[in-house]
Amino acid sequence: KVTIVEHCDSCVLGERGKGLEVGVDSMSWSRFSISATSVGASKRAAQLMLRFATRRQIATGRLLDHPVARSYLGETVAQACIAEGLLYRIAALFDSGEGVSVDVLAASKLLTREFAWLAADRLVQVLGSRGYDESNGAPQLLRDARVGRIFEGTSEALVSYLGSQALAARS
């Protein structure tokens with residue numbers, strides 16, 4: 001049975017007829033939060049990668065001394081720094097009361113989630129078969145990073161949106 005609720009002014013969030021603005025504002029804050037979570041995930045992946053690669057011995061010595069493992073770690077750290085810098089800049093804009101464009105928040109969500117996905121993937125690669133061991137956290141990071149690429153706008157949809165915005169700005 002469906003119950004129809006009569007409209008009441010106290011049930012309206014924002015101004016009547018401005019629901020899309022409320023939804024966009026909500027999604028923008030979600031994207032900011034997702035960006036923050038992504039930075040943490042990237043940093044955690046780097047931490048776990050460093051811990052494992054420092055302790056793991058392979059035929060040629062420590063895994064950390066292998067060029068591929070070292071480059072994965074370096075790229076992960078660099079991307080986490082970039083993502084964190086972007087996040088702090090956006091937070092400073094929010095704190096100062098300045099508006100942050102929907103485009104910047106979409107780009108932040110896209111960039112930070114893609115970086116988190118790469119970090120989690122690299123972590124699993126460096127850990128090898130241990131990358132599937134639930135006790136070390138790598139599989140959870142990988143699953144969380146994967147869902148982040150589809151939640152609050154898929155990466156592909158955000159790329160398309162940002163591209164459309166860039167083309168519209170040229171016109």
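Setting aside neighbours within four places in sequence, Ser 108 makes contact with Ser 35, Leu 86 and Ile 90. Ser 108 sits in helix 3 and is buried, at 1% relative accessibility. The model is predicted. It holds five salt bridges, and its largest pocket has a volume of about 170 Å³.

- Glu 84 and Lys 43 join their side chains in a salt bridge, at 2.6 Å from N to O.
- Because Glu 84 belongs to helix 2 (residues 67-96) and Lys 43 to helix 1, this pair ties together parts that are 41 residues apart in sequence.
- Lys 43 is partly exposed, with 39% relative accessibility.
- A salt bridge also links the side chains of Glu 75 and Arg 122, with an N to O distance of 3.0 Å.
- Here Glu 75 is in helix 2 and Arg 122 in helix 3, so the pair ties together parts 47 residues apart in sequence.
- Glu 75 is partly exposed, its relative accessible area being 37%, whereas Arg 122 is buried at 9% relative accessibility.

**Other salt bridges**
- Arg 149 pairs with Glu 114 in a salt bridge whose closest N and O atoms are 2.8 Å apart.
- Since Arg 149 lies in the loop between helix 4 and helix 5 while Glu 114 lies in helix 3, the pair ties together parts that are 35 residues apart in sequence.
- Arg 149 counts as buried, at 16% relative accessibility.
- A network of salt bridges links Arg 62, Asp 65 and Arg 70.

**Largest pocket and Leu 127**
- The lining of the largest pocket includes Arg 44, Arg 51, Arg 55, Arg 56 and Arg 130, along with Leu 48, Phe 52, Leu 127 and Asn 136.
- Helix 1 (residues 19-55) contributes the most to this lining, with five residues.
- Leu 127, one of the lining residues, is located in helix 3 (residues 102-127).
- Leu 127 is buried, with 7% relative accessibility.
- Apart from neighbours within four places in sequence, Leu 127 is in contact with Phe 52, Asn 136 and Ala 138.
- Leu 127 and Ser 171 are separated by 44 residues in sequence and by 49 Å in space, C-alpha to C-alpha.

**Nonpolar surface patch**
- Val 147, Ile 150 and Phe 151 make a nonpolar surface patch of about 290 Å².
- Phe 151 is in the loop between helix 4 (138-148) and helix 5 (155-170).
- The relative accessible area of Phe 151 is 49%, so this residue counts as partly exposed.

Definitions and conventions: Residues are numbered from 1 along each chain as its sequence is written. This is a predicted model: local features need pLDDT of at least 70, side-chain atom pairs count only at pLDDT 80 or more; totals for chains, interfaces and linings use all residues. Side-chain values use heavy atoms; hydrogens and water are left out. Patches are made of residues with over 30% relative accessible area and no salt bridge: like charges are joined within 9 Å, nonpolar side chains (Val, Leu, Ile, Met, Phe, Trp, Tyr) within 5 Å. Accessible areas come from the Shrake-Rupley method with a 1.4 Å probe; for residues, only the protein chains shown count as cover. A salt bridge is a side-chain nitrogen of Lys or Arg within 4 Å of a carboxyl oxygen of Asp or Glu. Helices (H or I, at least four residues) and strands (E, at least two) are DSSP runs, numbered from the N terminus. Buried means under 20% relative accessible area, exposed over 50%, partly exposed in between (1.4 Å probe, protein chains only). Contact means heavy atoms within 4.5 Å. On a 1 Å grid over the protein atoms alone, a cavity is a set of points where a 1.4 Å probe fits but cannot get out, and a pocket is an open set with protein on both sides within 12 Å along at least five of seven lines; lining residues have an atom within 4 Å of a point. Grid points are joined across faces, edges and corners, and a volume is the space filled by probe spheres set on the points.
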